[in-house]
Structures are given as C-alpha cells and as structure tokens.
Amino acid sequence: MSQGRFKNPVEATLTGIKDLFRKQDLADHLSEKDRLDGKVCLVTGANSGLGFGIAVELARRGAHVIMACRGGIPEKGEEVKKLSGSDLVEMRRIDLSDFASVRAFCAGLQNDGIRLDVIVSNAGVAPSRGRRTVDGFDEIFQVNYLSKVLLYDLLLRSGVIPNDRFAGNGVRNGPLPRILFISSDSHQGASAIDWEEFGTYFDYGINKAMSNYSYYKLMLNTYATELARRLTRSDGSPDVSVNVMCPGPVNSNIARDAPPLLLGFMKVIFRIFFRSPAVAARPVAYLCASAEVEGKTNYYLHMFNEKQMDPKCYDEAAGALLWKRSYDLLGLH
Ligand SMILES: NC(=O)c1ccc[n+]([C@@H]2O[C@H](COP(=O)([O-])OP(=O)(O)OC[C@H]3O[C@@H](n4cnc5c(N)ncnc54)[C@H](OP(=O)(O)O)[C@@H]3O)[C@@H](O)[C@H]2O)c1
C-alpha cells in the first residue's frame, strides 16, 4: 500500500515552517543580470499562487511567457503584463485532468511553430478526497503525474522542445532547453511506488489525501530522473536539462480543497508564516535563467539549497518500470 511522508496537513505545515529557518546557500546567486530575453517560457498553472509569481518573474526578466492554464483567461495574463511591465505574455488553455485537452494544447503549440526554451511544470492539486477524472483516473494521479508524462511525450516527439533523442532537432550551439518540475520536499520518505495500485482509482478521505500528495511527488521525481537519463547523450552531456525543485511553503491556494475549519486555520498560518509567491519564485527564476545552471541535469533544489532527492527517486529499475507502466496506461508505445 502506498504511503506518503505526512499523515495530516498540520504535520506537513509545521515541517514547512521549520524549513524556512534554514540558511539559503544559493540565494545571492540570482541577480538582475540573469535575463531571459528572446526565450520562450511555458508555465503551467500560472493563473494562481506560485505559478502566477513565476510568470511575473520570468516576464520581468524579458521572457516571452506562455501561461498554460485552465482558468483566469485572459484576466490573469493582463495582471502579469501589468506587474512585469512586459507585453510578451500570452495565455493558452490546458486542463491536465483531461488528456484530450493536453493533446489539443500540444497540437496548438506545434501548429503555431513554437519552440520552447524553458518549461516549468508547476500545476498541481491537493484534493481532500478521491475524484475520478473524465479519463477514469484519480485526479491527483492524473494532474500531478500522468498528464505530465503525456505532455512531455508530445512536446519532445514533436520537437516543440528541441531535442535529439526523440525529435532529432536538438540544440547544437547555445543554451539547452530547460525542463523544471515543481515538486515538494515532502516526497522524502514516501513509500516506494506500489505497482499493484498503479493507476487504479479508489475512494479515500483527508488523511490518505495528504499522504497521496507526497507519494505522487515521489513518483513525479522518479519520472523526472528517468526523463533526465533518457535526455542524456552517450557522452554524458544533457540533450535537454531536466531539474526538480521544491519552493518551500508558499502562501497560495493549494489548500483550497481542505474541510472548512481546517482551511480557516491553514489560511491564517499561510498568511503569517508562508512565503509570498513572488519570493518563492526566485529559486525558480535561478533554475530557469542562471548561467550557473547551464549543462546541469537531474539537479534538485529545496528552495535555494542544493540537495539530494529521496534515494528511491534515483533507482534506475524503478525509473524504467515507471516509464513503461505510464506509457502502457497512456497507450503510447
Ligand atoms: N503551496 C505550497 O506550500 C507548496 C509547497 C511545495 C510545493 N508546492 C507545489 O507548487 C505548485 C503550485 O502550487 P501552489 O501552491 O501555487 O497552489 P495553487 O495556488 O493552488 O496553484 C495550483 C495551480 O495548478 C493549477 N491546476 C490545478 N489543476 C489543474 C488542471 N487540472 N489543469 C490545469 N491546471 C491545473 C491551478 O489552476 P486553477 O486555479 O484553475 O485550479 C493553479 O493555477 C504545485 O505543484 C504544488 O504541489 C506548493
């Protein structure tokens, strides 16, 4: 049976607050000179919370930002333009709980001839109970994990993310494309992937929901590690750089689905202790824009600290099996 690190949201919140007091080793490595002029950056879930903060920060640094969202179109894009002082912001619709929407979104980018330099997979949910999607999966499994596999398969095979491995259009001279997964350090200590449960829908309540959140982040990190492996050339250099980060506690809408009493408590704690999306977006900007990150892959930051993921995320056999089982579920061979 799969098991996450935390059994309830209070335990997770207190751990997050403790993390905020740790020294941030790389905090002064991001400077205003880290620019993204001429780069096309995609941010999923950019209408709210951390994703919104990332969109503003990347646009402010000169990027053409594509906000991939299921809501807030067009008003959130207008807000990003105003806050960043840039007009290079567009919104496109994607619903990660619906594979047809993911496919339509990717086809749109391909048809418009877009080439992505940076992709931030930020969108995520923390539902308080099981919810079945139109595709028959549990929402948290599909949104936080499986749709990302579909998204990257489509973007890599079509060459929308330039690469040699799947499309033969990799970058020869110049900065490599960067894929960044927004994960959570709560994945540390979650159980190994349960292959019997894999992809199966079952009902659950609030306690299992919290546990699921960190369990699926461990699954996501295992996939990211496998993707980084597959996007590494035979000489060991990356074809595309694939990194993972945890933003630490962010004052966002992530707890929106909590029961009313708990939500009231969480909102107060979030407001007092958690970091604003603008501050939490800074290590993301570092990973997207800094020359120091060029050529790095399978790199993990917890806020501004370099760290190792849970050892299970680096298990090559688990990574290969996860790839296969995910492609089986998606019918993508
Ligand atoms: N907040 C924290 O303390 C914290 C800590 C560690 C990691 N994280 C991670 O940070 C990321 C951003 O979360 P957040 O804290 O900023 O929460 P948030 O404010 O709730 O933002 C989540 C974003 O994901 C989008 N999203 C959810 N379901 C979607 C779907 N089916 N299709 C497309 N977009 C969808 C949401 O869009 P809608 O507004 O339309 O629902 C929203 O834009 C998540 O991956 C989360 O796990 C957060």
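In the predicted model, an oxygen atom of the ligand lies 2.6 Å from a polar side-chain atom of Ser48. Tyr213 likewise places a polar side-chain atom 2.4 Å from a ligand oxygen atom. The backbone also takes part: a polar backbone atom of Ile254 is 3.4 Å from an oxygen atom of the ligand. Of the 890 Å² of accessible area that the ligand has on its own, the protein covers 95%.

The ligand is surrounded by 28 residues, the closest being Asn47, Ser48, Arg70, Tyr213 and Ser252. Grouped by class, this shell comprises twelve nonpolar, twelve polar and four charged residues.

The strands of the model include an open sheet of eight, with mixed pairing and the order E3-E2-E1-E4-E5-E6-E7-E8. Strand E3 (89–93) and strand E8 (305–306) form the edges, each pairing on one side only. Within the sheet, strand E4 (residues 118–121) and strand E5 (residues 178–182) run parallel and are joined by four bridges. Ser121 has Phe181 in E5 as its bridge partner.

Helix H3 (residues 75–84) lies across strand E2 (64–69) and E3, and runs at about 160° to E3. Helix H10 (residues 282–289) lies across E4, E5, strand E6 (241–246) and strand E7 (300–302), with an angle of about 160° to E5.

Terms used
Residues are numbered from 1 along each chain as its sequence is written. This is a predicted model: local features need pLDDT of at least 70, side-chain atom pairs count only at pLDDT 80 or more; totals for chains, interfaces and linings use all residues. Side-chain values use heavy atoms; hydrogens and water are left out. A residue is near a molecule or strand if one of its heavy atoms lies within 4 Å of it. A polar contact is a pair of N or O atoms within 3.5 Å; within protein, one must be able to donate a hydrogen and the other to accept it, and residues adjacent in sequence count only if both atoms are side-chain atoms. Accessible areas come from the Shrake-Rupley method with a 1.4 Å probe; for residues, only the protein chains shown count as cover. Ala, Val, Leu, Ile, Met, Phe, Trp, Tyr, Cys and Pro count as nonpolar, Asp, Glu, Lys and Arg as charged, and the others, Gly among them, as polar. Two strands pair if DSSP finds at least two bridges between them. Helices (H or I, at least four residues) and strands (E, at least two) are DSSP runs, numbered from the N terminus. Contact means heavy atoms within 4.5 Å. Axes are lines fitted to C-alpha atoms, for helices over the stretch in contact, and angles run from 0 to 180 degrees between N-to-C directions.
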